[in-house]
Amino acid sequence: MVPGSLRAYNMKYCPYAQRTLLALAYKNVKFDIVNINLKRKPAWFLSRTMLEKVPVLEQADGSIISESMVTMDYLDEVYPQPPLLPQDPWKKAEEKVWVEIFGLSVSKIYKLYNTSLDEATKDKIFEEITQGLDVFDKELAKRGTKFFGGSQPGLLDLAIWPWFERMPLLPLVFHRTALTAKQANLMKWVSAMEEVPAVKALIIPAEEHAKFRTTCMAGEPEYDLALKPKI
Ligand SMILES: N[C@@H](CCC(=O)N[C@@H](CS)C(=O)NCC(=O)O)C(=O)O
């Protein structure tokens with residue numbers, strides 16, 4: 001590994017790992033990526049992390065940290081520009097609370113991919129996701145800013161983006177949608193996020209996300225999908 005650079009252990013389609021990559025890219029930190037097959041985790045990976053999940057961030061001395069929010073926090077401390085969090089400790093904490101709220105609402109989207117769900121349960125999950133989106137739409141209106149972080153994206157923007165990148169999967173996989181014109185502030189926010197260079201650099205097209213999800217639902221996740229020849 002290049003001295004002074006970082007290594008991100010990743011799974012290409014993992015929204016949590018994408019948080020770490022977004023923070024690295026946003027702060028222009030040098031890093032390389034090692035993708036892990038999560039279904040057959042290599043022994044060398046398991047021997048290095050007790051949490052057995054991606055993302056994992058490694059520095060040149062071989063020491064590691066895990067958990068997406070921990071890695072984002074670390075990166076924000078060590079590479080303060082551009083900042084992800086406000087200076088004020090209370091406001092900092094509030095932003096992290098919002099990430100938790102997101103975790104309990106919109107990120108429930110993943111429950112939908114359980115193939116044994118009946119239609120009524122799917123309806124209920126869609127309703128919960130919509131309610132969660134409404135909460136974030138209102139919060140953005142209350143803040144009156146382009147991004148949750150203000151005129152530039154902050155921690156909350158980058159931490160929740162991966163789920164919005166995957167929102168266009170819903171029509172592709174379930175033929176229905178959760179984010180609609182009703183959440184006009186969020187719709188505008190999505191367009192603004194799509195123009196952020198770090199977001200642009202890491203974006204994966206909805207069709208590829210959908211293909212990956214389909215392989216997961218079939219029981220054999222295809223982690224190297226994008227490497228397969230298109231024949
Ligand atoms: N709380 C963790 C969640 C990370 C997570 O769930 N990662 C998934 C992939 S998206 C994982 O590595 N799962 C391990 C497995 O599938 O065995 C974080 O925020 O980093």
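Trainee: Which helix holds Leu104?

Mentor: Leu104 is found in helix H4, which covers residues 89-104. Keep in mind that this is a predicted model.

Trainee: Why is Leu104 called exposed?

Mentor: Its relative accessible area is 65%. The cut-off for exposed is over 50%. Leu104 has 65%, so the word exposed applies.

Trainee: How far is the C-alpha atom of Leu104 from that of Gly132?

Mentor: The two C-alpha atoms are separated by 8.4 Å. Along the chain, Leu104 and Gly132 are 28 residues apart.

Trainee: What makes strands E1 and E3 a pair?

Mentor: Count the bridges. E1 (residues 6-10) and E3 (residues 56-59) share 4 bridges. A pair needs at least two, so E1 and E3 qualify. Their sense is antiparallel. Leu6 has Gln59 in E3 as its bridge partner.

Trainee: How do you know that E3 and E4 pair?

Mentor: The test is again at least two bridges. E3 and E4 (residues 64-66) have 3, so they pair. They run antiparallel. Glu58 stands opposite Ile64 in E4.

Trainee: What phi does Gly62 take in the hairpin of E3 and E4?

Mentor: Gly62 takes a positive phi near 90°. This hairpin has 4 residues between the strands.

Trainee: Which residues does UniProt list for "domain: GST C-terminal"?

Mentor: The unreviewed UniProt entry lists residues 88-225 under that name. In the model, this span is 63% helix and 0% strand. Its end C-alpha atoms lie 43 Å apart.

Note on methods: Residues are numbered from 1 along each chain as its sequence is written. This is a predicted model: local features need pLDDT of at least 70, side-chain atom pairs count only at pLDDT 80 or more; totals for chains, interfaces and linings use all residues. Side-chain values use heavy atoms; hydrogens and water are left out. Buried means under 20% relative accessible area, exposed over 50%, partly exposed in between (1.4 Å probe, protein chains only). UniProt positions are given in the numbering used here, feature names are shortened, and annotations may be inferred rather than shown by experiment.
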